[in-house]
Amino acid sequence: RMKKKKETKLQNVHGPAAWPFKTDNVEAWSYFTNAFSQDECKEIIKLGKRFSMIDGAVRQGVTPKARLSKINWMWPSAETDYIFRRLTDIMTGLNNEFHQFDLFGFIEGLQFTYYKAPDNFYTKHADTWHKGPIRKLSMSLLLSDPDKYEGGDLKLHLGGDPTVLPKDQGKLLAFPSYTLHEVTPVTKGHRYSLVGWVTGPQFK
């Protein structure tokens with residue numbers, strides 16, 4: 001007499017079968033070419049250099065040796081209104097198409113950054129920080145002619161080899177603020193950029 005084969009029940013190690021409502025469509029980074037013209041980039045550099053530069057700081061808990069650069073801050077004014085308005089339009093468009101975060105705006109102003117040869121840099125870091133503003137989308141507007149400096153690459157660490165972002169003058173680069181990134185040492189010339197963080201409500 002043949003014995004009845006014992007039935008084996010297969011179990012899903014992940015629990016009940018998944019049925020996602022939505023897929024994750026957040027891109028690792030995005031860009032907008034010719035956000036500002038070469039002449040406009042030069043004017044922004046002149047405007048940034050009118051004010052005293054201070055050492056670039058790092059958030060609490062990060063070693064001060066992690067960064068070597070100079071910065072100052074830009075806030076909305078008659079002279080900077082067009083910059084904020086254009087960045088608002090560009091960042092809103094990029095976010096709607098590539099990132100889809102719930103955003104407020106630039107509540108921290110814009111950071112004018114200056115890296116010079118032979119060794120200014122910013123080591124690997126993320127722009128988010130505990131108990132600080134809820135930064136969701138970081139941006140970097142490249143102001144310098146890439147033929148006038150060497151090094152100073154903006155690299156994103158997404159796993160595996162780092163992603164080296166383009167250095168075209170006037171191009172705006174955007175990426176989620178939780179992304180690990182760095183600026184490699186500037187080995188020749190000067191690198192200017194305008195950096196900002198678009199904030200929003202708590203991630204949920």
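Modeller: Let's begin with the largest pocket, which holds about 440 Å³ of space. This is a predicted model, so local features need pLDDT of at least 70 and side-chain atom pairs pLDDT 80 or more, while totals for chains, interfaces and linings use all residues. Residues are numbered from 1 along each chain as its sequence is written, and side-chain values use heavy atoms, without hydrogens and water.

Biologist: What makes a space a pocket, and which residues are the closest to the centre of the largest pocket?

Modeller: On a 1 Å grid over the protein atoms alone, a pocket is an open set of points with protein on both sides within 12 Å along at least five of seven lines, and lining residues have an atom within 4 Å of a point. The volume is the space filled by probe spheres set on the points, which are joined across faces, edges and corners. Of the 26 lining residues, Arg 67, Gln 111, Tyr 122, Asp 127 and Trp 197 are the closest to the centre.

Biologist: Why is the pair of Trp 73 and Trp 197 called tilted?

Modeller: Rings of Phe, Tyr and Trp (its six-membered ring) pair if their centres lie within 6.5 Å; planes under 30 degrees apart count as stacked, over 60 as edge-to-face and the rest as tilted. Trp 73 and Trp 197 are 6.2 Å apart, centre to centre, with 50° between the planes, so they form a tilted pair. Trp 73 lies in strand β4 and Trp 197 in strand β13, so the pair ties together parts that are 124 residues apart in sequence.

Biologist: How do you know whether Trp 197 is buried or exposed?

Modeller: Buried means under 20% relative accessible area, exposed over 50% and partly exposed in between, with a 1.4 Å probe and protein chains only. Trp 197 has 5%, so this residue counts as buried. Trp 73, at 33%, therefore counts as partly exposed.

Biologist: And what makes Phe 84 and Phe 106 an edge-to-face pair?

Modeller: Their centres are 6.3 Å apart and their planes stand at 80°, so the pair is edge-to-face. Phe 84 is in helix α2, and Phe 106 is in the loop between α2 and β5. Both Phe 84 and Phe 106 are buried.

Biologist: How do you know that Arg 86 lies over the face of Phe 36?

Modeller: The test asks for NZ of Lys or CZ of Arg within 6 Å of the ring centre and within 35 degrees of the ring normal. Arg 86 is at 4.5 Å from the ring centre of Phe 36. Lys 136 also lies over a ring face, that of Phe 203, at 4.7 Å from the ring centre.

How values were computed:
Helix = DSSP H or I, 4+ residues; strand = E, 2+ residues; numbered from the N terminus. 1 Å grid on protein atoms, 1.4 Å probe; cavity = no way out; pocket = protein on both sides within 12 Å on 5 of 7 lines; lining within 4 Å.
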